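The structure is shown first.

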Amino acid sequence: MTVREVAVEAYRESLPVLTLSAVGGLFAGVVLGGMDAELEQVAGLLVLVPALLATRGNVYGSLGARLGSALHQGLVEPRFSLADHRVNAAVVAALTNGVLVSGVAAVLAVALLLALGRPSASLWTLVGIALIAGFVSGVLLTIAVVSVVFVGYRRGLNPDTLAGPVVTTTGDVVGVATLLAATRIVLALGGG
């Protein structure tokens, strides 16, 4: 393959996904912009947003990379099977890391806000929001990442080209949406 052919192939694979990524990012911004009431009710929630979104990208981007590498090396088959221990281990590790890091981010946000003398919701409120959002978004992102990587690979696309933009976009959209839902759940349960 010539350099030109490689470049054309890379753009052919990534341009549609990158376009969807831009649209998804705008949608996530609209959802975040509509969270005015929740951001006012839960002091410190805005501090959590970048940490939780970055966590989604890092944890589930790693899952996509692991699956892509395993596919390229022939260690896993590009199909859904509960009997595949390698895929199961990668998924469990991603979900566990995502939820734990979400909780740690909430604890650190409260500590930072208190150290700076800024208002903060209770530790339990922010941790509850972070854990609910972390778990629900983790499940949704796991489904999205595994599906895109496996289906893309079966169709002859490079999973490494697909995983990054899909994780970024889906992570932003799902992350903000689950953060909003988790905030409403915790507020309904008496948090604040």
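## Pocket, cavity and core

The model is a predicted one, in which local features need pLDDT of at least 70 and side-chain atom pairs count only at pLDDT 80 or more, while totals for chains, interfaces and linings use all residues. Residues are numbered from 1 along each chain as its sequence is written, and side-chain values use heavy atoms, with hydrogens and water left out.A pocket is an open set of points on a 1 Å grid over the protein atoms alone, with protein on both sides within 12 Å along at least five of seven lines; a cavity is a set of points where a 1.4 Å probe fits but cannot get out, and lining residues have an atom within 4 Å of a point. Volumes are the space filled by probe spheres set on the points, which are joined across faces, edges and corners.

Helices α4 and α5 each supply at least two residues of the pocket lining, and α5 provides the largest share, 5 residues. Helices here are DSSP runs (H or I, at least four residues), numbered from the N terminus.

The count of cavities of 30 Å³ or more comes to 1. The lining of the largest cavity comprises V49, L52, L53, R56, A133, S137, G175, V176, T178 and L179. Two or more of these lining residues come from each of α3 (45-73), α5 (123-154) and α6 (159-188).

The table sets out both spaces, with Ala, Val, Leu, Ile, Met, Phe, Trp, Tyr, Cys and Pro counted as nonpolar, Asp, Glu, Lys and Arg as charged, and the others, Gly among them, as polar.

| Space | Volume | Lining by class |
|---|---|---|
| Largest pocket | About 230 Å³ | 8 nonpolar, 4 polar, 2 charged residues |
| Largest cavity | About 60 Å³ | 6 nonpolar, 3 polar, 1 charged residues |

The largest nonpolar core has 26 residues, and V42, L45, L48, L126, I129 and L179 have the most contacts inside it. At least two residues of this core come from each of α1 (3-33), α3, α4, α5 and α6, with α6 giving the most, 7 residues. Such a core is a set of buried Ala, Val, Leu, Ile, Met, Phe, Trp, Tyr and Cys residues joined through side-chain atoms within 4.5 Å, where buried means under 20% relative accessible area (1.4 Å probe, protein chains only). L179 also belongs to the lining of the largest cavity.

Helix α4 covers residues 85-115, and its end C-alpha atoms are 44 Å apart, which agrees with the 45 Å that its 31 residues should span at 1.5 Å a residue. The expected span is 1.5 Å times one less than the number of residues. At the start of α4, the backbone nitrogen of R86 has a side-chain oxygen of D84 within 3.2 Å. Just after α4, G117 adopts a positive phi of about 70°.

Key
A polar contact is a pair of N or O atoms within 3.5 Å; within protein, one must be able to donate a hydrogen and the other to accept it, and residues adjacent in sequence count only if both atoms are side-chain atoms. Buried means under 20% relative accessible area, exposed over 50%, partly exposed in between (1.4 Å probe, protein chains only).
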